[in-house]
Amino acid sequence: MRNAFPQRRPRAVYSVGIEPDVRFSLANERTALAWVRTALALIAGGVTLTTVAGLTPFPLVIYGLSLVACVAGGLLALLALVSWRRNERALRMNLPCLPRWRFPGWSRQSPSYPWD
């Protein structure tokens, strides 16, 4: 007889720890989806720039900008996935969800944090 509750995927995330409060898990997912939405906007902007490049006197510059936008969108989507996975595992294992990276100069402009 098959299991009534199939295993959730990815197993590397859902096979550890205990099920966290659903509010925290959904907030983590919403944040990741917002980053993916931003990544898609960057990629769409890059594709749009390639369409417009033929209408400008500097098409190579516009193609370069579109390449930067598309690559940045792809990297941002990958970062969103990695961040979601790390935070979800931390929630399930009752560990703090600390940021692993920050923008350069952020720590000089923001108040100090306990993990600094």
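Student: Why is N94 called exposed in this predicted model?

Tutor: The relative accessible area of N94 is 72%. Exposed means over 50%, so N94 counts as exposed. The residue N94 lies in the loop between α3 and α4 (106–109). Its phi is near 60°, a positive value in a residue other than glycine.

Student: What makes R92 and E19 a salt bridge?

Tutor: The closest N and O atoms of R92 and E19 are 3.1 Å apart. A salt bridge requires a side-chain nitrogen of Lys or Arg within 4 Å of a carboxyl oxygen of Asp or Glu, and therefore the pair R92 and E19 qualifies.

Student: How do you know that this pair links distant parts of the chain?

Tutor: R92 is in helix α3, whereas E19 is in the loop between α1 (11–14) and α2, and the two are 73 residues apart.

Student: Is R92 buried or exposed, and on what value does that rest?

Tutor: R92 has a relative accessible area of 5%. Buried means under 20%, so R92 is buried.

Student: How many salt bridges does a search of the whole structure find?

Tutor: The search finds 2 salt bridges. One of them joins the side chains of R23 and D21, at 2.4 Å from N to O. That value is within 4 Å, so this pair also meets the criterion. R23 is exposed at 59% relative accessible area, while D21 is partly exposed at 31%.

Student: Why are α2 and α3 called roughly antiparallel?

Tutor: Helix α2 (residues 22–52) and helix α3 (residues 59–92) pack at an angle of about 170°, with their axes 7 Å apart. Angles over 145 degrees count as roughly antiparallel, so α2 is roughly antiparallel to α3. The residues of this contact divide into 20 nonpolar, 9 polar and 2 charged.

Student: Which residues make the nonpolar surface patch?

Tutor: The patch, of about 570 Å², is made by L67, V71, L75, L78, L81 and V82. Among them, L75 is found in helix α3.

Student: What makes L75 exposed?

Tutor: L75 has a relative accessible area of 54%. This is over 50%, so L75 counts as exposed.

Student: What pattern does the protein chain follow along the sequence?

Tutor: The pattern is α-α-α-α, with 4 helices and 0 strands. Of the 116 residues of the chain, 20% count as buried.

Definitions and conventions:
Residues are numbered from 1 along each chain as its sequence is written. This is a predicted model: local features need pLDDT of at least 70, side-chain atom pairs count only at pLDDT 80 or more; totals for chains, interfaces and linings use all residues. Side-chain values use heavy atoms; hydrogens and water are left out. Axes are lines fitted to C-alpha atoms, for helices over the stretch in contact, and angles run from 0 to 180 degrees between N-to-C directions. Angles under 35 degrees count as roughly parallel, over 145 as roughly antiparallel, 65 to 115 as roughly perpendicular and the rest as oblique. Ala, Val, Leu, Ile, Met, Phe, Trp, Tyr, Cys and Pro count as nonpolar, Asp, Glu, Lys and Arg as charged, and the others, Gly among them, as polar. Patches are made of residues with over 30% relative accessible area and no salt bridge: like charges are joined within 9 Å, nonpolar side chains (Val, Leu, Ile, Met, Phe, Trp, Tyr) within 5 Å. Accessible areas come from the Shrake-Rupley method with a 1.4 Å probe; for residues, only the protein chains shown count as cover. Buried means under 20% relative accessible area, exposed over 50%, partly exposed in between (1.4 Å probe, protein chains only).
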